[in-house]
Amino acid sequence: MHEIKMPTLSCTGKCAVVTGAGSGIGQAAALMLGYYGAKVVAADLDFARAKETAFAIQDRGGDAIACRVDVSDAGLVRSLVDAAVEKYQGIDIFISNAGIGGEVAPLLEQSEAEFEKVLSVNLKGGFLCGKAAAEQMIRQGRGGRIIFTSSIAAMEGGGMHGPYGAAKGGLCTLVRTMAHEWAPYGITVNAVCPGLTQTAINREISEDPELYAQFVRKIPLGRMAPPEEIASLMLYLASDSAAFITGTSIVADGGATIGG
Ligand code: NAI
């Protein structure tokens, strides 16, 4: 009989960098990876919030540092990788999660500046983080995991969020190219596509019962996701159990994109 290797989510001994770790999905992912044994670099534009996440991991007995990064700045992304390598001697998991929602308006009312801002953080940021992570993982020669936070807006288009939808769609395409090009180095690259998730980006919806009801009506499971229901998918993709998954974008949306 073939000896079945039982699945594990353990990240013990691995170093995980998480961007956007100061809040929402990124914070949940950082805490979860820390809980499962990873040494975590919690990175965010908001350094105070990144520190809160790192302290929370330490409080729970884990190992973590905080780092300030603007993912749209190549120099700062390189410094983030350098900080992780200096502290933990390498990077095994890179969660490129930081993102912004952008203005809520139809495309005809979106300005060039707004388009550039959203694409710069949500798409260029992913390119810079993926590239810097892969360069480091290739230097190390032991493979790695790169995981992006896209969105169901990648498939649906971003109704009133045109630039956001375009950026998230671009990320899903980048994932396929990266996965193809970096597979020879043992690096897997995937995206998660969350539906409506209870984080700061959606505070307005969570806090207004009427608006909440209006939004969840379109979700078969009838609710938003708490951030940990997205983070657990990232944890799975980062684990040894997901070793054969690469170049894909996995939806977690309570059925919102089923249609019908
Ligand atoms: P959030 O607003 O709670 O967290 C985003 C974090 O990213 C914040 O801590 C923010 O300071 C940080 N950030 C923003 N710009 C940055 C930059 N230039 N460099 C570094 N950090 C930066 O939002 P949430 O919901 O946790 O968002 C995380 C990711 O999930 C984003 O990429 C978002 O587009 C995506 N997403 C969220 C959904 C939702 O319903 N909340 C649905 C689908 C995707």
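This is a predicted model: local features need pLDDT of at least 70, side-chain atom pairs count only at pLDDT 80 or more; totals for chains, interfaces and linings use all residues.
Colleague: Got it. How do the residues of the shell around the ligand divide into nonpolar, polar and charged?

Modeller: Here the shell holds 12 nonpolar, 13 polar and 3 charged residues. That makes 28 residues surrounding the ligand, with Ser23, Asp44, Tyr164, Thr199 and Asn202 the closest. Helices α1 (24-35) and α6 (162-182) each give the shell at least two residues.

Colleague: And which polar atoms lie by the ligand's oxygen atoms?

Modeller: For a polar contact, look for N or O atoms within 3.5 Å of each other. Tyrosine 164 has a polar side-chain atom 2.6 Å from a ligand oxygen, and asparagine 202 also places a polar side-chain atom 2.6 Å from an oxygen of the ligand. With threonine 197 it's a polar backbone atom, 2.8 Å from a ligand oxygen. As for cover, the ligand taken alone exposes 820 Å², and the protein buries 92% of that.

Colleague: Which pocket is the space taken by the ligand?

Modeller: The ligand takes up the largest pocket.

Colleague: Now salt bridges. How many does a search of the whole structure find?

Modeller: The general idea is that side chains of opposite charge can pair when their charged atoms come close. In this structure the search turns up 5 salt bridges. One of them joins the side chains of glutamate 114 and lysine 117, at 3.7 Å from N to O. Both residues lie in helix α4 (residues 112-140), 3 residues apart, or about one turn of the helix.

Terms used
Residues are numbered from 1 along each chain as its sequence is written. Side-chain values use heavy atoms; hydrogens and water are left out. A residue is near a molecule or strand if one of its heavy atoms lies within 4 Å of it. A polar contact is a pair of N or O atoms within 3.5 Å; within protein, one must be able to donate a hydrogen and the other to accept it, and residues adjacent in sequence count only if both atoms are side-chain atoms. Accessible areas come from the Shrake-Rupley method with a 1.4 Å probe; for residues, only the protein chains shown count as cover. On a 1 Å grid over the protein atoms alone, a cavity is a set of points where a 1.4 Å probe fits but cannot get out, and a pocket is an open set with protein on both sides within 12 Å along at least five of seven lines; lining residues have an atom within 4 Å of a point. A molecule sits in a cavity or pocket if more than half of its atoms lie within 2 Å of its grid points. Helices (H or I, at least four residues) and strands (E, at least two) are DSSP runs, numbered from the N terminus. Ala, Val, Leu, Ile, Met, Phe, Trp, Tyr, Cys and Pro count as nonpolar, Asp, Glu, Lys and Arg as charged, and the others, Gly among them, as polar. A salt bridge is a side-chain nitrogen of Lys or Arg within 4 Å of a carboxyl oxygen of Asp or Glu.
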